Amino acid sequence: MLGPVILAASRSDRMRRLISAAPVTKQVVDRFIPGEDVDDIVPVVRDLAGNGLELTMDVVGEDITSPAQAAAARDAYLELVDRLKPLELGTRAEMSVKLSMFGQALEDGHELALKNVRPVVEAAAEIGTTVTLDAEDHTTLDSMFAIHEELRKDFPQTGCVIQAYLFRTEADARRLAESGSRVRLVKGAYKEPASVAYQDKHEIDRAYVRILRTLMDGKGYPMIGSHDPRLIAIGQELAHQARRELDEYEFQMLYGIRTDEHLRLAAEGHRMRVYTAYGTDWYGYFMRRLAEKPANLRFFARSMLTKG
Ligand SMILES: Cc1cc2nc3c(=O)[nH]c(=O)nc-3n(C[C@H](O)[C@H](O)[C@H](O)COP(=O)(O)OP(=O)(O)OC[C@H]3O[C@@H](n4cnc5c(N)ncnc54)[C@H](O)[C@@H]3O)c2cc1C
């Protein structure tokens, strides 16, 4: 029951100000977001890559309010690409972007987001890597899929994310599997109404398995974005049934969550990519992590009470 309340708070400016200013927040945030700028993140990239892990990097931020902020987001990713170049990691270090941060919700937002994201995709391709478009709330997805399709004309490795909780996703998965796209499948992290999304955890899990089977049986490259041990085991079984080699799909998890499992899967020879977020505008990302696991919220609340 707590999850939806926290997700509602994640859109509140008043809560944003309160939580961002609380003295203990930073310590809890650090578990999920290991740095505020690109200088903090380069050592993290080296460290994860040195442990046989791959990365997708997210400069946190969303719900921006001006084209200047959207351009600043583009520039932050371009700086990241510059800093990745000498590491020569190729596709082992890719980027995840939220189109809202590139201006998607502003006036003429679809064109603006496409205009801002394209140079990032081009720069990534120049250093031999790729970009994946994150999935945000359901109202943004038609635009996200159209931008994904447009970018794939020149950069076919551009990936996108689909969310198992949405009714529409089985059809999206069939289309993307047929077109041979890279696709990350996640359960979904936003507060969505019953008119568009499953609300029951078991129904979401069952949809996840159906969709993953479609992706595994298709022509694309499935990316299993989940920490759920059952879904990870089912993912391995479905890949086996589809006769996929170990480099024909991958697992993805978030930085700071089930870290031992990252290393275990990598040691078994799987491609294991860690979604690593950094930056100062971490509020929305952090609140979604609290909403996913009530124990995180209890820990956070206890820290506020004892140290705040
Ligand atoms: C690589 C990656 C990228 C993602 N990108 C998107 C995206 O673009 N759009 C989107 O809507 N969602 C995205 N998500 C979030 C996703 O939708 C889920 O909210 C999140 O992954 C939790 O679901 P789960 O599959 O891990 O299963 P759950 O059933 O939520 O979790 C399974 C187990 O994992 C552990 N766990 C999960 N979450 C947490 C947490 N926050 N803190 C501590 N332990 C936890 C717990 O042990 C839990 O029991 C992404 C997730 C991953 C892993």
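This is a predicted model: local features need pLDDT of at least 70, side-chain atom pairs count only at pLDDT 80 or more; totals for chains, interfaces and linings use all residues.
1. Residues are numbered from 1 along each chain as its sequence is written, and side-chain values use heavy atoms, with hydrogens and water left out.

2. One is 3.2 Å from a side-chain N or O atom of Arg184, and a backbone N or O atom of Arg289 lies 3.0 Å from a ligand nitrogen. Taken alone, the ligand exposes 930 Å², of which the protein buries 87% (Shrake-Rupley method, 1.4 Å probe).

3. The shell around the ligand holds 25 residues (a heavy atom within 4 Å); Lys187, Gly188, Ser226, His227 and Glu292 come nearest. By class, nine are nonpolar, seven polar and nine charged, with Gly counted as polar.

4. Strands β4 (159-163), β5 (182-186) and β7 (250-254) and helix α12 (283-292) each supply at least two shell residues. The largest share, three residues, comes from β7. These elements are DSSP runs (helices H or I, at least four residues; strands E, at least two).

5. An unreviewed UniProt entry places the feature "binding site" at Lys98, Arg288 and Arg289; such annotations may be inferred rather than shown by experiment. The lining of the largest pocket includes Lys98, Arg288 and Arg289. Lys98 is found in the loop between β2 (93-97) and α6 (109-126).

Note on methods: A polar contact is a pair of N or O atoms within 3.5 Å; within protein, one must be able to donate a hydrogen and the other to accept it, and residues adjacent in sequence count only if both atoms are side-chain atoms. On a 1 Å grid over the protein atoms alone, a cavity is a set of points where a 1.4 Å probe fits but cannot get out, and a pocket is an open set with protein on both sides within 12 Å along at least five of seven lines; lining residues have an atom within 4 Å of a point.
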